[in-house]
Amino acid sequence: MNEGRKEIVQIGFVLVGVVFLIKLFFIQVLDQRYVELANSNAILRDVEYPFRGLIYDRNGKLIVYNTPEFDLKVILKEVKKFDSAKFCALFAMSRGELRGKFRELKARKEFSKFKPTLFITQLSNYDYAKVQDNLDEFPGFYIQARTTRAYTTPALANALGYVSEISRDRLEGDESNTYRQGDYIGQSGIEAFYEEQLRGERGVRFKYRNVKGIEKGSFQNGAYDTVSVPGQDLVTGIDLDLQLYGEFLMKGKSGSIVVIEPSTGEILSLVSGPSYDPNLLSGKRYSSNFVLISNDTNKPLFNRPMMAQYRPGSIFKIAQAMTALQEGVITPETRMRCDKTIIGCHPGHDNLDLRGAITNSCNPYFHGVFRRMLNQGLSDSPFDDTRIGLAKWNKHIMSFGFGHKLGIDLPNEKDGLIPTPAYYDRAYSNRPWKFSNIYSLAIGEGENLVVPIQMANFVATIANRGFYYIPHIVKKIGRNGNPLPQYTERHYTTIDSANFRIAVDAMQQVVETGTGARAKLQDIIVCGKTGTVQNDPMPSHSVFIAFAPRYNPKIAISVYVEDAGQGGRAAASIASLMIEKYLLGHTQRPYVEQYVITGKFD
Amino acid sequence: MDWVSLMLFLLLVALGELNIFASVYDDTVKQHLWNLSLNSGRQLLFIIASGVIIIAINILDMRFYETFGYLIYGLILFLLLLVPVIGKEVGGNKAWLGIGSFGVQPSEFAKFATALAVSKYIGSIGFKMDNLRTQLILFTIIALPMGLIMLQKDTGTALVFISFILVFFREGMSPFLIVVGLCAATIFILTLLVPHQIYLHIAIGTILVGLIALGKKKFKRVLILTIGALIISGVIESVDYIFTHVLKPHQQNRVRAYINPEADPLGFGWNVTQSKIAIGSGRFSGKGFLQGTQTKFDFVPEQSTDFIFCTIGEEHGWLGSLITISLFVALLLRIVFLAERQKSRFSRSFGYCVASIFFFHFAINIGMTIGFFPVIGIPLPFFSYGGSSLWGFTILLFVLLKLDANRSEVLQRI
């Protein structure tokens, strides 16, 4: 009786042991999930946000700095039942908003109950003090300190750009895995262009914590901890005083002022009108203000110096003159009739030579110059002849930096447009075209499109008598950094410097006796050229380019004021005030300043 | 005394002590193992007290246990009756009898008392297992303490008494009862696992048709099979009722956690989830002594008592599990070996009682930490923190060793 039952019991004991060990082998050795789960339980990742790099002007004046702000984060797993009425009062929200927050939180794709998740962004300093005293009543909620951008002046908004939370699209496209949800990123201007240098590196400290979230010392004695590395500072070529003055002059106007130091290509001022106060798009105010600013019909976010494409008008005659001289189709002594039957002109001059024609901005003269340029008699067919001439012309004009991006250190730079034969083939659907179809290019009208920064670069090229450096905002990275190599290379035009000297002579005449007389300064020889760009039925755009002094130029400037009439008025006045301000440190002509501020240019 | 058992006992107790220390260790405070404010320090006292108990057991005459078997059993039943009246409540269970700050759980000693009573009855002259009256008496012996412990809401300890069925099996009870019990449990779990019970009914119907078609087509056989199938279907239908009406909410949650802990890892699934994370994160060789984060930082609940195995799994990995489980299996086999060499039926069945109780604790406790069984709060013998349970197990083992040491004094009675 009962034979074999002892063995059954023994086998049963061994079997249970073996089954346990097999199951344990699966859990402990084969399944790797549990290590990660244990780590996410017990290891707290304490992120230390780096300081974003500061931005200085050319004289060491601070433009952009950081100011502390506080975010409220939540680890949902640790949240216990709390007094929601008190919570709502503390954070100034309604119960509905609180419920909405939790709902929105759980809907996030990367949401985890075990990880700290952003709950309320950017508590103000006052909130923070109040919150800190009460936070122990709300387990699971933590305060995270970091910094947001602040600006010493309301100037330069479009060039600086703004910083805000990274968008979902950017986050998903971030292959380097640099950013986390809720991180700040430069969204435009140099904040975006130099994001990599400015952002610095996040520091992380790994700490143990127990089930109640209480810290229990560092993980592996800090072997995996990293210290946050602050971002690099940027030193710009901006002259903050000049910038402020330029924005003061452009108040209430649409247009742009671009000021370049010809000997380096550094941008001294970049004024876009209308603009906005960059402090409005910083920190907590961003979300409410951005909608307002981006919906403003005056387009304050539109960075005109870089993005507005205009017809250049008569300032283009300088380029036409030098191109024709280079091709040998005219000499400085070439004279032509002011035949107003071909193209309109102002009265009071006739049969001028090249310098005189520039000084008085004679339209028929440049119609003639352009005809000689395009129809050089290299082909019997007037169509082919124009085509050959236009191709040569295009090559010269492009060498001034027109018609293509210059490579400035700001995002969204526009090309402008300098037509090629292929362009007109398309425009005329391959029907033949010749000089008489396209002659308005002669005086900077027609299909030409130029961006204000290109106009300033053009006049800087004249100031240098034949070459330019790529215009740039940032001169060095780090306060003791070196000049950036891509901006120290000279870009030569296809025009001989002798021909530039003729242009310079003429531009001096423009200011001294010609259309740009309002730009004349005592003791400083200003060389400039006016432009009045047709804008029917609205008033013309007022354009002026200039550099000064004539010898050893320190400043090159382009001013474009929309709908403000003749170039010799609004634009020339503003340009001369800027030159005065920069070279002398102050202005001497209150009546001109008053004229600009009043803004009645008719 | 059987030195193999003694060595296994000492090893298990020592490992238990170290793991209790690891589970309560706090890096930031750095207390010593013998610090009496820690569970490990108190456990050390309990171990020393066990030594005293062992000496006492050996001083007493071996005949004492058989002679006073029923008396001890009766005394324990009396104490169990007292507990609901004068007991104090610790952790939701009113299972403690206390004098001042010192308390014991009579239920831990009830296992020993019941083992004595069961063995004494089995060892009595003229005992016949296949007698229905005998079986009823045996079930009454285990049902009385079981019921009283149920009254203390200590379901886990009450369930331990089921393990005596193994002794009955060894002593000749038909395995039919065990098979039926196992089937019932399987059907219960299956019913809860399968989302729609109609599938189970279809499966039973299919099996029924299959059995009828395959076997002899006698009317009587078909009738019995059909009635059987109908009864099983009825049981399935009643499971839902039992689950929602008979089981208490916390018991329902334990069953839910067992079936699918991921359904609510922060609620009823927390214990099992965290326990598995602790054990699973140990990998092959563990995180090292005192390096376990799951247990040290309190993610695993009851980490020094019911979930002590998590500390072993986390800090010593699969190797630690292998050593621990091997030690237990070795002890169980050794106890069976000792039981089988006894000369009296009393001693033999007492040996089997010890083996059954140890086995039940071992299987259910470890099975619970790795998700094999629902969470049933019973200690892992010699490992789990607690004086009463340690002494209870010590008494069971060393009374057997005492009986074994003096086995030649017993008159041949089998």
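Biologist: Is the crossing of H21(A) and H22(A) left-handed or right-handed?

Modeller: In this predicted model, local features need pLDDT of at least 70 and side-chain atom pairs count only at pLDDT 80 or more, while totals for chains, interfaces and linings use all residues. Residues are numbered from 1 along each chain as its sequence is written, and chains are lettered from A and ligands numbered from 1 in the order in which they are written. A crossing is left-handed if the near helix is turned anticlockwise from the far one by less than a right angle, and right-handed if clockwise. The crossing of H21(A) and H22(A) is left-handed.

Biologist: Why are H21(A) and H22(A) oblique to each other?

Modeller: Helices (H or I, at least four residues) and strands (E, at least two) are DSSP runs numbered from the N terminus, and axes are lines fitted to C-alpha atoms, for helices over the stretch in contact, with angles from 0 to 180 degrees between N-to-C directions. Angles under 35 degrees count as roughly parallel, over 145 as roughly antiparallel, 65 to 115 as roughly perpendicular and the rest as oblique. H21(A) (residues 570-584) and H22(A) (residues 590-598) are therefore oblique, their axes coming within 10 Å and crossing at roughly 130°.

Biologist: Which element gives the most to the side of chain A that touches chain B?

Modeller: Counting residues as in contact if their C-beta atoms, placed from the backbone, lie within 7 Å, the contact takes 32 residues from chain A and 37 residues from chain B. On the side of chain A, helix H1 (5-30), helix H2 (33-42), strand S8 (203-209) and strand S9 (215-218) each supply at least two residues. With 16 residues, the element that gives the most is H1(A).

Biologist: What percentage of the residues of chain B count as buried?

Modeller: Chain B has 17 helices and 3 strands. A residue is buried if 20 or more other C-beta atoms lie within 10 Å of its own, exposed if 12 or fewer, and partly exposed in between, with C-beta atoms placed from the backbone. Of the 414 residues of chain B, the buried share is 43%.

Definitions and conventions: Contact = placed C-beta atoms within 7 Å.
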